[in-house]
Structures are given as C-alpha cells and as structure tokens.
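Let's walk through this structure together, one contact surface at a time. Keep the viewer open and follow along as the tour moves from one pair of partners to the next.

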Amino acid sequence: MIKRIWLLPWIGLLVSLPAAAAWQVNLSPGSTEIARDIRELHMIIFWICVAIGVVVFGVMFWSIIHHRKSRGAEAHHFHENTFVEILWTLIPFGILIAMAVPATATLIRMYDSTEADLDVQITGYQWKWRYQYLGHDIDYFSVLSTPREQINNEAEKGEHYLLEVDNPLVLPAGKKVRFLLTSNDVIHSWWVPDFAVKKDAIPGFVNEAWVIPEEPGIYRGQCTELCGKDHGFMPVVVEVKPQEEFDQWLADARSAAEAQAAAAEQDWSLEQLMERGEQVYNSACAACHLPNGQGVPGAFPALAGSPIATGDIGPHIDIVLHGKAGTAMQAFGAQLDAVDLAAVITYERNAWGNDTGDSVSPQQIAELNQ
Amino acid sequence: MESTLGQNLGDTHHAHGPASGIGRWLFTTNHKDIGSLYLWFSLLMFLTGGTMALLIRAELFQPGLQLVQPEFFNQMTTMHGLIMVFGAVMPAFVGLANWMVPMMIGAPDMALPRMNNWSFWILPFAFAMMISTLFMDGGAPNFGWTFYAPLSTTYAPPSVTFFIFAIHMMGISSIMGAINVIATILNLRAPGMTMMKLPLFVWSWLITAFLLIAVMPVLAGVVTMMLMDIHFGTSFFNAAGGGDPVLFQHVFWFFGHPEVYIMILPAFGIISEIIPTFARKRLFGYASMVYAIGSIAILSFLVWAHHMFTVGLPLAGELFFMFATMLIAVPTGVKVFNWVATMFRGSMTFETPMLFALAFVVLFTIGGFSGLMLAIAPADFQYHDTYFVVAHFHYVLVPGAIFSIMAAAYYWLPKWTGHMINERMGKIHFWLSFVGVNITFFPMHFVGLAGMPRRIPDYALQFADFNSVASVGAFIFGLSQLLFVYNVIVCIRGGARATDRVWEGAHGLEWTLPSPAPYHSFSQPPVVK
C-alpha cells in the first residue's frame, strides 16, 4: 500500500506540470509537424504504459493487501491456466501492433528528405559545429560563447548558460532544409529538441536529416554523443528568420566573407595580430591547451615554453595548418582563414613568456596553405 | 608410486573440511568458497563503482564545474559503468550460481572445480589492471563504458591498451564460469531432477551461460580490432583508412544487448524463487516462465541496433529493429503477469527478501515501460542519449539486477551462515534503498525528456532542480548500502539459529541441507520425486 502512495505524486507531477520551465518534466511540445507527431506518439505510449501499470500493480497491491498471511489468507493451489496465459500473451501483442502502426507511419515521413529548398552541411569537430550553406559560399564555425568564468562559478550564470554560441545556424522559416551531417574527428550527434532532429555526425559518413521550421525564433540543443572532454560544451543554436530577413542575412554574410578575404591582403602589425590572435586562441585552441597555454599533462601538451612554439617557426606553422595525425590536434588550415591563422600563430609565439618576437603575415600563411 | 597413490586416496578421503589460512582461499576448488569469493569481490566492486557514482552526482549537484574537471568526469562515468557491469553485477550472479546451483540440483560441487578457481582468480588481476589506469599519464579510459570508436581508438588515452587486456581477462573469466555452470547443470543433476523440474534460478542461469558463451567472444573480437587499429596500423574503425566507425557499434551491441539480458535473466530466476516462498504458493506458469526466458534470450540477438537508431540506419533496418524490440515486451510481460498471479490468492508475508523482490517487480516493470517507449524508433530520436535512457537502464539495473542480488543475499544468507538475518535492520536497509533509488532515478526521466544529454559534467540551468534532487537521492541510496555490509557481517558473526528450511514456505533441495550448509553439498545424490 505504502508503495502505491509513493508512486502517485510522481504520476501527478508528470501530468500536472507540463509547462513549468524549471521543473520541466516532459518532451518539448515541438515546433514542427514531425516534432508534434513524435510527441503525440510519446504520449500515447506513455498512457498505454500507465494503463498497463495501473492494472498490473493494482492486482499486485490488491493481493498484497488482501492475501497476506496476517489477515489469515490461505494459499490457493492453482499454478497454471493455459487460457489465461495465452490471453496475456495475445493482448500485449495486439497492443504492440496498434502502437507500431502510427510509429511506422511517422518514421517513413521522417526518412523522406527529398525536395529540399536549402542544403546545409553540418560537420562536427571537437568541440564545435561547422555550418556550410551548399551553393551559397557561406561557411563558418559555431562555438560555445558562455564565458569560462561562468563555468568556473566565478561569475553569475546567464539565462542561456551553456546553450549559447557565437554564430548560430540561421534558417529560413517555412522552407524545407536538408542537413548533411558528417564529422571531422570522433562521432558527434546534432540535436534540436524542438525540431525532433537528432542525427549522428560520423567521420566518413554523410547522414541526412531535415526540418521545416515553422516559427521564427531561437532554438537550442546540444551534442548528444560523447565526443571527448568538452562534449558538454558544444551546444547547437538555430536562429529561424522570416524569408526576407534570411535573404538579407545571406547577403550580409557573403559580403562579410569578402571583407575577410580583403583583410588578408592588408599589412598587419604585431600588436594587431596579437590582439586578434588572443580571440582566435580562446575560441579555437584554449579548450585543450588552456587559456594560459599550460595544456593538460598527458593529454594536451603545454604551449608556454614548448619547443614548437619557441623554436623554429616552420614546424609551428606546419602543425597548426596540418594538425598531428593520430592525436586530437586538428588541421586548422582548413578551419581558419589566413588572418586568423597568422594571428594565432603570432600570439602563441609571443604570449605566456614565449617572447620570440616573431610574427607571421597572412600573406605568408596564404602561400603555405595552398 | 603405490604409496603416493595410497596417500592421495587417503587424503581425499579425509579432506572433508576447508583448509586453513590464506591457502584455503587461493587454492580452493570448493563451490561455496569460490561463491563467497565472487560475492565479496562483487561487493567490493559495488562499493568502488558506487563511490565513483557519488562523485559524479556530487559534481552534478549544481550547474558549473565544482569538484572535478571534464576529463576526470569522463573517466568516472566510464569506470563506474565498467566496474558496475563487469565487476559488480556479473560476478555477483556467478557467485550466487556457484553457491546455489549445486545445492539446488543435488550435486556435490561444480562440475569443473579447478577451472572454477581459475575463473575467479583472474578477476582481481583484471580489475587491478583496469583501475590502475586511473593513475597513468593521460588518465583512465574516458570514452564511456560503450567505448565507441574512434573516440576509444585514434583519440583514446594511452591507457586504453590496459583496458583492452583487462576486458580480455574478464571475458575469459566469464566464459570459463559459464562453461562450468552448463557442465554442472547438464551433468550433475540428482536422479529424478529432470529439466522441467529445475528450479527457475537454475534455468535462468543455464540460459544466461549460453548467452555468455555466445557473446563474450564477440566482445573479445571488438576489443582486439581496437588493439589492431591502435598499435598495428589496421583501419577497422578508422574512416580515413577506409574503415567504418559504425561497424564498431554493430559489433559492440551484438555483444552488448545479450549482455544486458545476462545481467537480468538470473535476477528473473531469483525473483521466481523468492515470490513463491513468501506467497506460500507454487510459482504460477512454470513452463511459460522457462519459455519466456528462452524467448527473451533468442530475441536478444535480434535487437542490437535499437541502440543505434540515430546512426543513420536505412528505413528498413529501423523498422525491423523497432518491431523486434517491441516483441520482447511479450515474454517480459508474461513473466511479470506470472509473478503477480503467484501472489494472487497466496498467503503472503513480507520478510526482507520478499520486500526486495516486490520492489523488483514494480520498479523493473517501470524500467520495462521506459524500455518499450525507447523501442518506438521515431520517439527514440528524442530520447536517445539523454537522461531518459540513463533513467531507463538504471531502473532495470539498480532496482532490477542489484535489488535481486540483495534479495538473494537476504534469502540465502541463513542457509550460508546458519544464522537468521536481523529483520529490523534488513527492513531499514530496504526502505532507505527503495526511497533513495526512486529519488535518484525517477527525476532523470524528467531531465532527459526536458533535453539533458547524458555524460555531461555541466548542464544548462533549467535542469538544475531535478539534478539536485537526484544527487540527494544518490547519497541516500549509496550510504544506505553500508547498512547492507553491516547486516551481512552481523549475520555471519551470529544471530538466531536458522532451521534447515529457514523460511516457512521454502521448497527445493537446498532447504533439505542443514544450515549452515555442509562444506560439500550432496555427497549422496538425493532422490527427486
């Protein structure tokens, strides 16, 4: 008896508090047709389970209360009944078939990724996402923007703690967007709960998923496949804009890319490179080598005072551009542009007491990074 | 030569009791001694893995990083999983099989006693090797207990090689243990103990042993492929070399899914022993119970890819694995219905083992419900790799497998020690565990549905409240297990004398032996009518 009372508040909570934000107990209502269908499936199977639970536990607790020795209950002697046993094999079978039909229908629709209006390639990296708008010359990385002080409890945590990025994925409302997912290193998984889109990003594979976002707004999710140290720190943020605003964003993003290319032709002073290098370092390198360049012994080497960052500049440029095979060190030549590469290499050679005085220009990098 | 032979014969004739000193435990071939070794070892591992779980829960008590860094957090989740699966649950069931199978089928000992010794003594070395990785440069394995490639190969810390060899040793131990169980059950049954008279615990272990023999070599294969990728230049799982990271998951889960039934079928057996005893009524539907275990075992080989619904399986694959997985609900349902029907119109009492068994039926069924929800492939896209999955498998493993082991210990301790357990302390342990386990794991359903991924050391603010609740529950549950240790020690040291039958409603050959059971179980085979 005590046990059943114990269960009731939980079931009550599940039913009565679907909207409470801090104590959210259920799936997001969903902001696409597929997400709403999935939530409906979820609720149907949930209530079927509750119904079965009420019947089974009801009989069980009825027996516990009434067929106890202390009440003088005498044990009966039946121990099999073919009819009943066949019945409770067939009834669950029927329930399962009833459940499988709508599930199959939804799944078939989820797998139809044809006739997309826009293709976005999503590539997982340790620990960031890269978004490439195929056919639009737009290509950028999306990195966690929550300040380290908040994570280390040195500053008050913001409203979207750990669910905010520097550059969100921007999508047009009402258009079918197809995602092509892959990975550069380990397996990641790209998930936006409101879209009910979760698909693994696997090196060597291209997976497909799709969404038709309905309402403009900001949608947040996370990487859901353990991908190493900062698995908990690579959120997904999607900003859905009305078509006109999206077109404007596309045009702006394209001209920004052109300005970036032009910047690579300018002359950069050591101070300018150092300033930019620090920003690049903190978003691209500090996750492993740490903001103070000390690394993590045994896992990620220190840069402060390291032979590579203080020795000949050639091998330093080489390892940043091409990575180191068989380790977590990625080939940043494919990820950063010439200015950022020049800046971050210059920064590493002059920060934390690595006072080499060296600087490398974007033009030199562009030449090496052909 | 002749004299040596004579001496040996003389020796065996007089060797009725245990040897003395440490040699008794090192060289023993006695099923009870080895069973005890397994059980103590698994208790030690349970407390070790539990301490790691508490560290995880302490870090997750509040958002932000407080106690540990993400690298170490990942090592803790990995080691917690590996230790609980391979060090706590599996050896505990092998220990129970060692103690109880010969006594339940009327045999003097296990069929292969020397191998029995070896299969136990491999384990401490395997785990010493695995735990030593925590102190190595680069740290312990940090890729989760499912060790997906290429995170566990190209991107793994150097200690992964020690992990691979530790897994190999555990696999050898399990296979030898399984061979022993099968040989014992098939060959050493007392006259008249036909297969369809076997106690259900014995049946469940016979089927489990076949599962072990089928899948432990698959696990050995997959870790060997990892070893080749890491050290010998192959590219089984390395896409850059033409390999396939998803192949790893197929091979792993072809082992992994039967493995989860390896951890629950013996629990079914235990519960099917305990409920009839305390309901004072024969188990309802014995034959259908046996067939249900058999069907679950066969189906376990056909459902592995339901762990992989988001890797990009073709539609036909998704549908096949969804349907096959849903089918498992049928035999599992039969088992639950049979247990309830056994209680129905019985004459129940509620001693500690029965309380654990009843909690098993309720909470395992809740874990089964969430399992059914996870089987619905479209919905699984929302559940996959969230705390909903963590809640699901902890419901079937903690109040499932672990509660059944606790129930078994309380049920058979009087037979093992000759002393009754302290009922009051046993009940306190039960209620604290029951409350603690639900406070810990029930809120995980909620945070999972709300969108919290598993295996993260820090989380967004909307998950904070339920995480605090879960952490409080974890400490209640974890600390109350010290009561279990206390209860076991008290029971060994003294207590009311146990009768041979121990429990009023107990039936079966083990209850015909004196309490405590003699060192050699049945030197004369009993006759089963």
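Predicted model: local features only at pLDDT ≥ 70, side-chain atom pairs only at ≥ 80, totals over all residues.

**Where the chains and domains meet**

Between chain A and chain B, the rule finds one salt bridge.

Which elements of chain A supply at least two residues each to the side that touches chain B? They are helix H1 (2–16), helix H2 (33–66), helix H3 (82–110), strand S7 (197–201) and strand S9 (217–223). H2(A) gives the largest share, 16 residues. Sorted by class, this side of chain A holds 58 nonpolar, 29 polar and 15 charged residues.

Now step back to the whole interface. Chain A brings 102 residues to the contact and chain B brings 107 residues. The size of an interface is often expressed as the accessible area lost when the parts come together. Here, chain A and chain B bury about 9000 Å² between them, and carbon and sulfur atoms give 72% of that area.

Over on chain B, an unreviewed UniProt entry lists residues 25–529 as "domain: Cytochrome oxidase subunit I profile". Along residues 25–529 of chain B, the chain is 68% helix and 0% strand, with the end C-alpha atoms 36 Å apart.

Back in chain A, there is a boundary inside the chain to look at. Chain A is divided into domain 1 (24–110), domain 2 (118–262) and domain 3 (267–368). The C-alpha centres of domain 1 and domain 2 of chain A lie 39 Å apart. In the contact between these two, 11 residues of domain 1 meet 10 residues of domain 2. Together they bury about 730 Å², with 48% of it on carbon and sulfur atoms. Three residues, A:Ser28, A:Ser31 and A:Thr32, supply 54% of the area that domain 1 buries against domain 2, more than any other three residues.

This domain boundary also has one salt bridge: A:Glu214 pairs with A:Arg36, the closest N and O atoms being 3.0 Å apart. Five residue pairs are in polar contact between domain 1 and domain 2 of chain A, both residues at pLDDT 80 or more. On the domain 1 side, H2 and H3 of chain A each supply at least two residues, and H2(A) gives the largest share, five residues. By class, that side divides into four nonpolar, four polar and three charged residues.

Terms used: Residues numbered from 1 in each chain as written. Chains lettered and ligands numbered in written order. Heavy atoms only, no water. Contact = heavy atoms within 4.5 Å. Buried area = accessible area lost by both parts, 1.4 Å probe. Salt bridge = Lys/Arg side-chain N within 4 Å of Asp/Glu carboxyl O. Helix = DSSP H or I, 4+ residues; strand = E, 2+ residues; numbered from the N terminus. Nonpolar A, V, L, I, M, F, W, Y, C, P; charged D, E, K, R; others polar. UniProt positions renumbered as here; feature names shortened; annotations may be inferred. Domains from an automatic or database assignment. Polar contact = N/O pair within 3.5 Å; in protein donor to acceptor, adjacent residues only side chain to side chain.
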